[in-house]
Amino acid sequence: MKREIPLILTAVVGLTFVVQFFIPHYPLGFMADMFSDWFSIVAACAIWLGALNLLKISLNKVYKKEKDWFFAIVTIISFLVIVIAGFFFSGGRRFQEPGTNFDWLYINVYSPLSATMFAMLAFYVASASYRAFRARNAQATILLLAAFVVMVGRTPFSDWLSNLLFMPEGWQISNLSNIIMNFFNVAGQRAIMIGISLGLISTALRIILGIERTYLGGD
Amino acid sequence: MRKIFEKLLAIDRRIIFLVIFLAVSVPIFLGIKINIKITDEVKAFYDAVSNLPSGARIMVACDFDPGSEPELQPMTESGFRYFIQNKLRFVIIGLWPQGPMQANKALAAVNEAKDEFTVENGDTLYFGTDLIVVGSDTARYGVDFINLGFQAGNELVIQRMGSSLKAAFASDLRLGRPIEDFDIMRGLNKLSDFEFIYNLSAGYPGTVEWVQFAVDRFHVPCGAGNTAVQAPQVYPYLDSGQLSGLMGGMKGAAELEKVVGHKAKATMFMVSQTAAHIFVILFIIIGNIAYFATRGETGRKGL
Amino acid sequence: MHLSGEFGVWIAAFLTIGITSFLYKDNPIYKFCEALFVGISAGYWFVSLYFQNLLPKLFDNLGITKMLGLGEDNGAIQNVLAGQWDERIWYVLAGILGLMMILRLFPNIGWISRWPLAVVVGSTSGLYMITYFQSNFLSQLQKTVIPLIDLGRVAALPGGSGTLDEYFAAYLGNLVLVVGTLTGLVYFYFSKEHKGAFGNAAKVGIYFLMITFGASFGYTVMSRMSLLIGRLYFLFGDWLGFVR
């Protein structure tokens with residue numbers, strides 16, 4: 001029953017959502033709405049699970065004095081600081097109001113850390129472009145040329161370069177980048193989109209019918 | 001000559017990092033003015049919004065986090081500024097938890113009356129939260145705009161809003177009061193009661209989900225601002241008419257600033273953006289020249 | 001230069017520099033900032049989900065908030081116990097499923113989390129099956145079945161003063177869209193060997209896809225650089241005050 005009940009649940013919920021597109025009235029519409037609300041709560045609990053699991057792993061690391069256990073203490077303390085500030089010292093349900101302690105932590109700690117983590121990627125993309133981007137064959141060369149046109153065309157530098165190459169107004173690199181984005185890019189992305197959607201539809205059907213069971217994990 | 005190219009190929013990556021840092025930093029101090037060309041996709045968004053009647057209610061779905069702030073925050077600010085100046089009311093929600101807080105930041109940035117408050121009928125109204133002033137126009141919380149906050153559930157939140165807004169968002173973010181208490185929410189029972197959706201998206205859930213549910217299922221027109229990573233992937237929706245307009249990346253944000261008539265952060269950032277692009281292109285060209293120069297020599301030695 | 005007087009801005013600046021110190025080499029300051037980020041992120045989600053999701057949807061609706069003396073409105077439990085049917089009582093099942101999900105923390109009874117997982121997987125499968133079919137398949141296919149030359153656009157060309165993209169859109173745009181989409185799809189069809197005419201079509205498809213990926217790469221560079229520019233403007237502007 002450890003696997004059978006989840007399979008039945010998947011089939012019932014999945015079929016409800018499929019059929020409610022065609023019969024949105026009671027009771028299917030009501031069931032779909034109810035399952036949507038359940039999903040929202042289960043999703044929230046899943047993220048809570050992730051946070052609590054992080055706490056569990058960090059506590060375990062400190063207890064067993066594993067490598068870099070000091071930083072696990074930093075993780076635990078920072079988690080507790082924002083949780084205590086959010087629950088008890090930020091006005092309850094108005095915890096995100098500008099000026100609360102939670103808001104202060106968001107603006108001055110979370111926000112810069114998150115933004116900087118992603119900003120580091122700029123350096124890595126430049127380094128990777130220099131080391132790995134090689135025009136080894138015709139296809140790679142076309143990829144590179146398209147990238148150059150788009151990178152130049154989407155900046156004001158394209159005007160300067162186009163004037164240098166005596167390109168008339170309306171027939172410049174920015175116009176070429178518009179063509180690439182609105183036609184060639186759309187064609188390729190559309191092919192990818194259609195291909196993915198076909199694969200996704202068949203996988204979804206397999207999951208609902210219980211043929212695909214990998215999401216249940218091992219026994 | 002070959003040794004120079006071999007040294008170039010083996011260069012320490014920290015030198016590349018330093019060059020990129022300088023390429024992006026130096027233009028900040030130069031104060032160069034640049035001209036931004038408007039693309040059709042941004043013009044389409046602007047036309048879609050400017051054709052909305054006065055008082056129309058727009059759902060602003062802020063689906064991004066601080067990691068995408070430089071691209072999407074300027075678009076959010078330009079959008080809010082335009083809506084307030086043109087008497088368009090807006091309801092802020094988020095499918096990402098950080099989204100509604102980013103929206104609060106954008107409202108505070110757009111607000112021109114800093115550190116002020118007023119008293120009306122015994123209520124103290126603070127500028128920047130209760131009242132947003134843009135030029136001679138004012139927007140009042142609960143009447144002209146509202147922030148309903150975040151809900152977990154990704155696309156199922158959009159699905160739920162299709163039948164009942166209240167079931168998805170029972171109370172507002174700022175005051176924690178039931179949504180039916182607010183003027184702006186009168187007559188807004190479900191998603192299709194909105195005239196337009198303005199989605200700012202950095203990934204999943206985002207524009208793709210809004211198109212699939214809000215546009216195709218509940219027939220609400222949608223315009224989107226996306227990070228540059230995601231923008232190429234949603235161009236097919238623009239071509240098929242499922243999206244009413246698209247701003248892609250910082251360039252899109254700069255175009256929106258120009259078209260609404262208020263040049264700000266994104267326009268300033270484009271100078272550094274231009275320099276960064278030039279240097280990445282130079283790196284690729286130099287890397288390829290060095291590669292082919294050394295590969296030729298290696299090939300002749302039979303290695 | 002006008003240094004910021006706000007304590008929070010200085011904290012943000014030092015955290016920014018701490019993270020970027022990794023570019024030189026891995027160091028304890030970076031590890032501290034990284035650990036701080038992990039803890040703060042988890043805590044942020046924890047608090048946000050409680051106040052914006054679990055509290056109004058689960059605890060308020062069921063009446064647990066009133067039971068604990070933290071709210072005034074009756075929930076489903078109070079109404080049902082008073083003999084009045086309240087359909088919000090179904091949230092009890094949602095609460096049980098949520099609790100089952102959290103029990104995954106304990107390896108011995110972690111298998112019980114398969115039940116809420118089944119609800120999640122079933123919901124998304126059922127929804128995706130129709131929405132992807134409608135939005136990503138049918139709508140996109142519809143826009144591929146178009147005339148190879150858009151005569152409307154040709155007629156609308158402004159004499160000899162049109163731009164490159166206007167001329168391209170009129171004469172070649174639709175052809176590129178149709179040929180590009182179809183040959184791209186042919187390339188992704190791996191159930192048949194790419195030989196002969198089929199193989200040649202796939203080769204054409206590859207070239208269209210390479211242009212697509214080149215455009216994606218260009219935009220990716222734009223995106224990554226934008227993030228760095230944002231941080232540098234914060235450091236030089238908000239913190240050090242060099243730029244207004």
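Modeller: The term pLDDT denotes the predictor's confidence in each residue, from 0 to 100. Where pLDDT is low, the predicted coordinates should not be read in detail. This is a predicted model, in which local features need pLDDT of at least 70 and side-chain atom pairs count only at pLDDT 80 or more, while totals for chains, interfaces and linings use all residues. Residues are numbered from 1 along each chain as its sequence is written, and chains are lettered from A and ligands numbered from 1 in the order in which they are written.

Colleague: Where in chain C is confidence lowest, and where is it highest?

Modeller: Helices here are DSSP runs (H or I, at least four residues), numbered from the N terminus. Within chain C, helix α7 (residues 151–155) has the lowest confidence, with a mean of 89, and α1(C) the highest, at 96. The average pLDDT of chain C is 93.

Colleague: At what angle do α4 of chain B and α9 of chain C pack?

Modeller: Two packed helices are described by the angle between their axes and the distance between the axes. Axes are lines fitted to C-alpha atoms over the stretch in contact, and angles run from 0 to 180 degrees between N-to-C directions. Helix α4 (residues 69–85) of chain B meets helix α9 (residues 196–239) of chain C at about 80 degrees, the axes being 8 Å apart. The two are therefore roughly perpendicular, a term for angles of 65 to 115 degrees.

Colleague: How many residues of chain C are in contact with chain A?

Modeller: Contact requires C-beta atoms, placed from the backbone, within 7 Å. By that criterion, 99 residues of chain C touch 107 residues of chain A.

Notes: Parallel < 35°, antiparallel > 145°, perpendicular 65-115°, else oblique. Contact = placed C-beta atoms within 7 Å.
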